[in-house]
Amino acid sequence: MADTIFDKSRPTRRAAAQRVESRATEKFVPEQFQRLSPPMLPEVSELQAVRHFTNLARRNFSIDTHFYPLGSCTMKYNPRGAHRAAMQDGFLNRHPLTPTSHSQGVLSCLYELQEILQNVTGTAQVCLTPMAGAQGELTGALMIKAYHADNNDHERLEIIVPTAAHGTNPATASMAGLIAKEVEVNADGDVDLESLKRVVGPKTAGVMLTNPSTCAVFERRIQAISDIVHDAGGLLYYDGANLNAILGRARPGDMQFDVLHLNLHKTFATPHGGGGPGAGPVGANELLAPYLPTPMVIKSESGYRWLDQAERPKSIGRLSSFMGNVGILLRAYAYSLMLGGNGMCDVSDYATLNANYLMRRLSDAGFHPAYPVRRATHEFAISLRQEAKETGVTAMDFAKRLLDYGFHAPTTYFPLLIPECFLIEPTETETKEELDAFADAMIAILKEAQQDPEFVKQAPHEQSVGRLDEVQAVRQLDVTAH
């Protein structure tokens, strides 16, 4: 079978239906920009092109084809109805420069989404414009920095992050001109309060937390953490990566977080993965709401309109063109309406049920939860340290072998403080049968590791690409080879 579409190319073959007539080119493209020679494209029939790219797609793992339990990433199936709603002609054909008077429909949807997210998070105001979770993080860090600068507290330049934090947290702090300092996590997965007391002080701008945390447990002493940080003059930032665990059941605003971001591409019906478009709305309490980015949608007597920079002098300004990723926001709006309040509770209920069921099955089979005395949230961590010590088969070997069983691997080696870590998130959209199949695969690989460890260490065996030399791939990257 040919490796590339160019291997199928033959002179004079054409996909005529897609061919652009030269007259159209001459009409719309100025002469100085027209090609003098045809582009070097493969010469194949339409059917050859369709088969080639369809067969390539079959080699990929995706949420539409396989169980995809990436911990801390919430790779759940999102209903096609939300996509259809956002792809109506009135939304797709609207130009971003369309006047407000002709945009009342889309503005009303965005306004109502703001209200829904405020209610879900327990915040005073929400801005929808940040384009991804990382940009939402940056927004929160810039807002905290602006607040302290506004109060002439220019020495507060330290952001505290747990040792188990997402890697984007310290990176975001650095990008915002702040300094990241670590706080320890104790043996049960909670932030160590004594460590926190030692780290906070007159230079503390704020603390960035995920709750449930990246250790896959709920931060039981969040109120105490809030008191320590606020008493020291700092602010509390919520990373919304794991909101799927508490959706409809608990609100970050009620935990005394001052500012937060949401990952709509994780929790609210947007495609996640593959570098596609994201959305990271930011919510804030009354204290930080004046610093939210612009624009925002407001409702007035004359209808819906943008609230711009001139009307919000303390705002940190724009972070994206126009109104962010409107298509993604509309999907989240449709998803929220389809679920309603009770449906959002169902999301977190089944997400936590599935995680706890799967953790129990693996635990009963001999795997070792990282925090055995804690209940799972929407995800859980297991440590394969003992398996690696006894058989030489590592977490990465387990991950590669899972591909042969038809499952994408969970997140590996994260958080870093858990040796040989698997962070597993089944999400609420998987059936018991699928969870059992995954557990059976893990148990089978464990037996393989005990009986024939070299076989597992050489996996995958049944994929189009075998085990790669990862070190060489990093040092000698070649994206053109085939």
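Predicted model: local features only at pLDDT ≥ 70, side-chain atom pairs only at ≥ 80, totals over all residues.
Residues are numbered from 1 along each chain as its sequence is written. Local features need pLDDT of at least 70 and side-chain atom pairs count only at pLDDT 80 or more, while totals for chains, interfaces and linings use all residues, and side-chain values use heavy atoms, with hydrogens and water left out.

**Exercise 1. State how many helices and strands the protein has, and compare its radius of gyration with the globule rule.**

Step 1. The protein contains 16 helices and 13 strands. Helices (H or I, at least four residues) and strands (E, at least two) are DSSP runs, numbered from the N terminus.

Step 2. The radius of gyration is 25 Å, close to the 23 Å from the globule rule for 482 residues, so the protein is as compact as a globular protein of that length. This radius is taken over C-alpha atoms, and the rule is 2.2 Å times the number of residues to the power 0.38.

Step 3. Along the principal axes, the C-alpha atoms fill a box of roughly 75 × 70 × 45 Å.

**Exercise 2. Find what share of the residues is buried and what share of the contacts links residues 24 or more positions apart.**

Step 1. Buried means under 20% relative accessible area, exposed over 50%, and partly exposed in between (1.4 Å probe, protein chains only). Of the 482 residues, 48% are buried.

Step 2. Contact means heavy atoms within 4.5 Å. Among contacts with a separation of 6 or more, 71% are between residues 24 or more positions apart.

**Exercise 3. Describe the largest nonpolar core and name the elements that supply it.**

Step 1. A nonpolar core is a set of buried Ala, Val, Leu, Ile, Met, Phe, Trp, Tyr and Cys residues joined through side-chain atoms within 4.5 Å. The largest one has 53 residues, and Leu117, Leu128, Leu196, Leu209, Ile225, Leu264 and Phe268 touch the most other members.

Step 2. Elements that each supply at least two residues include helix 5 (104-121), helix 8 (193-199), strand 4 (204-209) and helix 11 (326-364). Helix 11 gives the most, with 10 residues.

Step 3. Another core, of 29 residues, lies apart from it; Ala376, Ala399, Ala409 and Ile445 are among its members.

Step 4. Leaving out residues up to four places away in sequence, Leu196 touches Ile160, Val183, Val191, Val207, Ile225, Ile228 and Val229.

**Exercise 4. Work out the setting of Pro162.**

Step 1. Pro162 is in strand 2 (residues 158-162). Its relative accessible area is 11%, so Pro162 is buried.

Step 2. Beyond its neighbours within four places in sequence, Pro162 contacts Val183, Val185, Val191, Met208 and Leu209.

Step 3. Pro162 and Val191 are 29 residues apart in sequence, and their C-alpha atoms are 6.8 Å apart in space.

**Exercise 5. Show how far helix 13 is covered, and by which elements.**

Step 1. Helix 13 (residues 395-404) has 8 of its 10 residues buried. Among them are Asp397, Phe398, Arg401 and Leu402.

Step 2. These buried residues pack against helix 12 (385-391), strand 12 (411-412), strand 13 (421-424), helix 14 (432-451) and helix 15 (453-457).

Step 3. Val456 belongs to helix 15, and its relative accessible area of 0% makes Val456 buried. Not counting residues up to four places away in sequence, Val456 touches Val393, Asp397, Arg401, Ile445, Glu448, Ala449 and Arg467.

Step 4. Just after helix 13, Gly406 has a positive phi of about 90°.

**Exercise 6. Identify the backbone features at Ser72, Phe322, Pro212 and Pro415.**

Step 1. Most residues other than glycine have a negative phi, and most peptide bonds are trans.

Step 2. Ser72 has a positive phi, near 65°, and lies in the loop between helix 2 (46-58) and helix 3. Ser72 is buried, at 3% relative accessibility.

Step 3. Phe322 has a positive phi of about 55° and lies in the loop between strand 9 (303-307) and helix 11. Phe322 is partly exposed, with a relative accessible area of 40%.

Step 4. The peptide bond from Asn211 to Pro212 is cis, with omega near 5°; Pro212 is in the loop between strand 4 and helix 9. The bond joining Phe414 and Pro415 is also cis, with omega about 0°, and Pro415 sits in the loop between strand 12 and strand 13.
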